[in-house]
Amino acid sequence: MGEQQDTCVLCDSGDIKKIVSSFSLSKKQTINKKEVGSEVKKYIEETREEVREEKKRLSSQIIE
Ligand SMILES: [Zn+2]
């Protein structure tokens with residue numbers, strides 16, 4: 001299933017811009033167009049950490 005994201009990963013806004021993270025994340029992130037900036041970079045970095053934690057958590061869960 002394609003994991004289509006059409007809301008901002010930061011604030012759930014629908015007015016988004018798709019960006020490809022230059023970090024280790026290979027999947028596309030979507031962020032509010034207005035949020036493009038250094039502040040967002042910082043936020044994305046934090047989000048990346050969260051995603052990493054999330055993945056860790058998910059992968060450690062037994063799915064039936
Ligand atoms: Zn946002």
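In which strand is the place of T30? T30 lies in strand β2. The model that places the residue there is a predicted one.

**Overall layout**

Two strands and one helix make up the secondary structure of the chain. Read from the N terminus, the order of the elements is β-β-α. Of the 64 residues in the chain, 9% are buried. When contacts between residues at least 6 apart in sequence are taken, 20% of them join residues at least 24 apart.

**Confidence**

The chain has a mean pLDDT of 75, and 72% of its residues reach 70 or more. Among the elements, helix α1 (residues 38-59) has the highest mean pLDDT, 84, while β1 has the lowest, 72.

D12 belongs to the segment before β1 (16-20). Its phi is near 70°, which is a positive value in a residue other than glycine. D12 counts as exposed because it has 9 C-beta neighbours inside 10 Å, and 12 or fewer is the limit for that class.

T30, in strand β2, has 18 other C-beta atoms within 10 Å and is therefore partly exposed. That count falls between the limit for exposed residues, 12 or fewer, and the limit for buried ones, 20 or more. Across 12 residues of sequence, T30 and K18 come to 4.4 Å from each other, C-alpha to C-alpha.

K33 is found in the loop between β2 (28-32) and α1. Is K33 buried or exposed? K33 is exposed, because 11 other C-beta atoms lie within 10 Å. Leaving aside residues up to four places away in sequence, K33 touches D15, I16 and K17. Between K33 and G14, the C-alpha to C-alpha distance is 9.5 Å, with 19 residues separating them in sequence.

The two residue pairs are set out below.

| Pair | Separation in sequence | C-alpha to C-alpha distance |
|---|---|---|
| T30 and K18 | 12 residues | 4.4 Å |
| K33 and G14 | 19 residues | 9.5 Å |

**Summary of exposure**

D12, in the segment before β1, is exposed. K33, in the loop between β2 and α1, is exposed, whereas T30 is partly exposed.

Technical notes: Residues numbered from 1 in each chain as written. Predicted model: local features only at pLDDT ≥ 70, side-chain atom pairs only at ≥ 80, totals over all residues. Helix = DSSP H or I, 4+ residues; strand = E, 2+ residues; numbered from the N terminus. Contact = placed C-beta atoms within 7 Å. pLDDT = per-residue confidence, 0-100.
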